[in-house]
Every structure is written in structure tokens, then in C-alpha cells.
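Visitor: I'd like a close look at just one part of this protein. Could you walk me through it slowly, as if I were new to this?

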Amino acid sequence: MRFVMRTVRRRAVVICLAVLLVSVSGCGWRGLNSLPLPGTEGKGLGAFTIQAQMPDVNNIQQNSRVRVGDVNVGTVTKIERQGWHALLTIRLNGDVKLPANSTVTLGQTSLLGSLHIELAPPTDVAPQGRLREGSLIPLTSGRQYPSTEQTLAAVSLVLNGGGLGQVQDITRALATAYGGRTDELRSLLTQLDIAVGHINDQTGDIIAAADSLNRLVGQFAAQKPVVDKALDTIPDALAVVNREHDSLIDAVDQLGKFSALTADSVRQTRDAIVAELKDLGPVLESLANAGRSLTRSLSLFATFPFPKDTLAKWFRGDYANVSLVVDMTLSRLDSALFTGTRFECNLTELELQWGRTVGQLPSPCTGGGPPRPGHRPKPFVPGNPLLAPYHFDQGN
């Protein structure tokens, strides 16, 4: 009876193991290490999952520890290949507070210890954001400490073929080279120290020069299309100049001859030009003196015979305003009506006999022009020649 019960129990255990293997194989069996282990970090309340890209993961496995400052805070739950690098899925405890730009490093607890993943805030840039559910640490933030194999390989290279055995030969050669030259070596070191001190004093200038050179190179880089176009155009331009070499030489020769002729012409006409400029001076001075009256008279051209300044006051709707100033003095009537006749100057002389001398215009009757036959002009008084009456026999 006991044998039968043992047989039934063995068969039940075998069946359960078979069912378990079938179920596990259907989900993708990757060994016992692919199953979540009890007691690992990253399973408490508020735990969250992140991903990290790394260039290499060496021999790290699932369920490996994730540490922050030598403290276990999570577990590696999945390792995948993404292109030419590895993609880790990490489960962290809910109390882990790290910036979003944290670094992820593959490290080792000791020379022969186990591998683990280390998370740390960045040291070369300012921390930004915070790691949350679904955060991704990029490949640029993935690093790796030297492994045991790399360390042993480096030590082997130094001891076997790295030149450590030649230290004695190098020391002996240096002793031979500097033997008996202690003072020269001391002076060299002193001068070298002084030179280094001068260079150190010029550190700011060297940095400023480097920055200026960097800005200049940046400007050249910004103008790269222009520089490329210029380099493509300059050879063609030089070829054109080379083809026109004889013409350019002839043009320069002709320009020299023209310059000689110009200099000779200036030398010959110098006195005449100076005399003309001297004669032109009084004319320009008179024109400048009459400049105000000349500019005011130009406004009359467009509205002649009415002044432009009063034209707007003249037209008022369907009527026009006219203001007249009529000079009925005898001298004005004489100059306006009897100039050039046999009665010229009679009214003016009559007005002078009555004692009026204010406001009279210069005329032949008052000495402001040439004398008329049969009249006795007054002594000449300089007046305005533009307002004096014109006579056809003037200048005779």
C-alpha cells in the first residue's frame, strides 16, 4: 500500500514539473536567472520602471543589482539588444529621486566581485528634471568602469612589453648626458621656470587671443558659401586679367600720357583761371547778397502777376479780394506817364518846389540816372539802378 502511494506521489510530482516546464517554455525560458527572485529591490509601493541605453553590458545578467551611492535601490529586469548597443529595463524603488539626465554606469563591487548598475546625478552639467515611469537614459549618459580583464591586460602590457624594463637604461643614459653639466642644467631649469612664469602671466592674453581667433574662425565658417564662391570665381578673374595684360599696360601708359597733358594744360592756364576766379568773386558775392530777394521772387513765377503769399487770401469762394495801393504823387505820375516825353521831369520839379523829398525814386530828374538834354539834374545820389527808367540814348 505504501509503495502504491509513493508511486502516485512521484507521478503527481513529475506531472506538475512537466506542466511547469511546458508553461515556462511557452513564455520563453531563459534559465532560472530570468525569473524574478524574492527579496530583490524595486518591488515596493510606488516602484517604477525606467530604461537605459549602454554601449556594453559585459557579463551582467537579469536580477543584477542597481545601486545609488553603494545602496541597492532597484533591479535589472530585462536586457535587450537595440541596434549596436544594449537596452536595460530597470525597476526602481518609489523613494528614488534622481534627475532625468542622470548617468548609468556598469561597475563591479570588487576585483572579483559581481557586476552591478550604478545610477548617479551628472557631474559635468546641471541636473534637470526627474526620473519617472517610462524615463529613458540615453546612450550618451552610459559609461563603464574598467573591468578585471581590462585591468589585468593593462598590467600585463606594462610588465611584459610596456617599457618598464628599460627604466634602468633610461636612467643611465640621463646620468651620462647630464654628467658634469650640473650648473648648465640648473641654469636651464631656472630659465625654464622664468619662461613658464612669463607665460603664466600672459594666460589672460593667450586666452583672449584664442577666443578672438575662435570668433574669427567662426565668422569665416559662417561665410563659407561666400568664400567658396570667391575661390571658384578668383581663378576665372585672374585668367581674364592675364588675357587682358597687354590692354591693361596700354591703358596705364595712356593714362600716364593723359596725366602729363593735364598737368601741362593746368600749368599753362593757371594764371588765366586764377584771374577768372578773382573776377567771379564779386559776381558771386553780389548774387549771395541778392539771394533772399531772388528766392522770394521765384515764388511769383507760378502765380504771376499775383504774389503766391497772398494768392490764398485773394480767392474766397466765388469772389476775389483785391487790395490796391495807388501812388498819385507827382513824381510817380511823372515817371510813369511822361518819362521820355517833352514833359519829363516837370511834375517832379514842381513837387520838389513844394518841398516833398521823402519816398522819391531815383531818376534822371533827381540825379539817379544820366542827364537829359535841356534839363538841369540834381547832384548825383546813388540809387537802385533796377528801378531807374531806361533811356535809349543811355551810354552815348
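Visitor: Let's take the open sheet of eight strands: in what order do its strands lie, and what kind of pairing does it have?

Guide: The order is 7-1-4-3-2-6-5-8, and the pairing is mixed. Before we go on, keep in mind that this is a predicted model, where local features need pLDDT of at least 70 and side-chain atom pairs count only at pLDDT 80 or more, while totals for chains, interfaces and linings use all residues. Residues are numbered from 1 along each chain as its sequence is written, and side-chain values use heavy atoms, with hydrogens and water left out.

Helices (H or I, at least four residues) and strands (E, at least two) are DSSP runs, numbered from the N terminus. The protein chain has eleven helices and ten strands. Two strands count as paired if DSSP finds at least two bridges between them. At the edges of our sheet sit strand 7 and strand 8 (142–144), each pairing on one side only.

Let's start with strand 1 (residues 48–54). Toward strand 4 (residues 85–92) there are seven bridges, and these two strands run antiparallel. For example, Met-54 stands opposite Ala-86 in strand 4. Strand 1 is also joined by two bridges to strand 7 (residues 136–137), this time running parallel. Here Gln-51 faces Leu-136, and Ala-52 faces Ile-137. How covered up is strand 1? Six of its seven residues are buried, so the rest of the structure largely encloses it. "Buried" means under 20% relative accessible area, "exposed" means over 50%, and "partly exposed" is in between (1.4 Å probe, protein chains only). Across the protein chain, buried residues make up 17% of the 396 residues.

Jump to strand 5 (residues 103–108). Five of the six residues in strand 5 are buried. Six bridges tie strand 5 to strand 6, running antiparallel, with Val-104 partnered by Leu-119 in strand 6. Three bridges tie strand 5 to strand 8, running parallel, and there Thr-105 has Arg-143 as its bridge partner.

Strand 6 also holds His-116. That histidine is buried, with a relative accessible area of 5%. Setting aside neighbours within four places in sequence, His-116 is in contact with Ile-60, Arg-65, Arg-67, Thr-105, Leu-106, Gly-107, Gln-108 and Thr-109; contact here means heavy atoms within 4.5 Å. His-116 and Val-57 are 59 residues apart in sequence but 9.7 Å apart in space, C-alpha to C-alpha. Over the protein chain, 58% of the contacts with a separation of 6 or more are between residues 24 or more positions apart.

What about greasy side chains? In soluble globular proteins, nonpolar side chains tend to be buried together. A nonpolar core is a set of buried Ala, Val, Leu, Ile, Met, Phe, Trp, Tyr and Cys residues joined through side-chain atoms within 4.5 Å. The largest one here has 21 residues, and those with the most contacts inside it are Ile-50, Val-66, Ile-90, Leu-92, Ile-117 and Leu-119. Strand 1, strand 3 (72–82), strand 4, strand 5 and strand 6 (115–120) each supply at least two residues of this core. Leu-92 itself, not counting residues up to four places away in sequence, touches Gly-42, Ala-47, Phe-48, Ile-50, Val-66, Val-73, Gly-74 and Leu-119.

Between strand 2 (65–67) and strand 3 there's a loop, and Asp-70 is in it. Most residues other than glycine have a negative phi. Asp-70, though, has a positive phi, near 65°. At 63% relative accessibility, Asp-70 counts as exposed.

One last stop: a cavity. On a 1 Å grid over the protein atoms alone, that's a set of points where a 1.4 Å probe fits but cannot get out, and lining residues have an atom within 4 Å of a point. Grid points are joined across faces, edges and corners, and the volume is the space filled by probe spheres set on the points. Searching the whole structure turns up one cavity of 30 Å³ or more, and the largest cavity has a volume of about 50 Å³. Among its lining residues are Asn-58, Leu-106, Leu-115 and Tyr-145. Strand 5 gives the largest share of that lining, three residues.

Notes: On a 1 Å grid over the protein atoms alone, a cavity is a set of points where a 1.4 Å probe fits but cannot get out, and a pocket is an open set with protein on both sides within 12 Å along at least five of seven lines; lining residues have an atom within 4 Å of a point.
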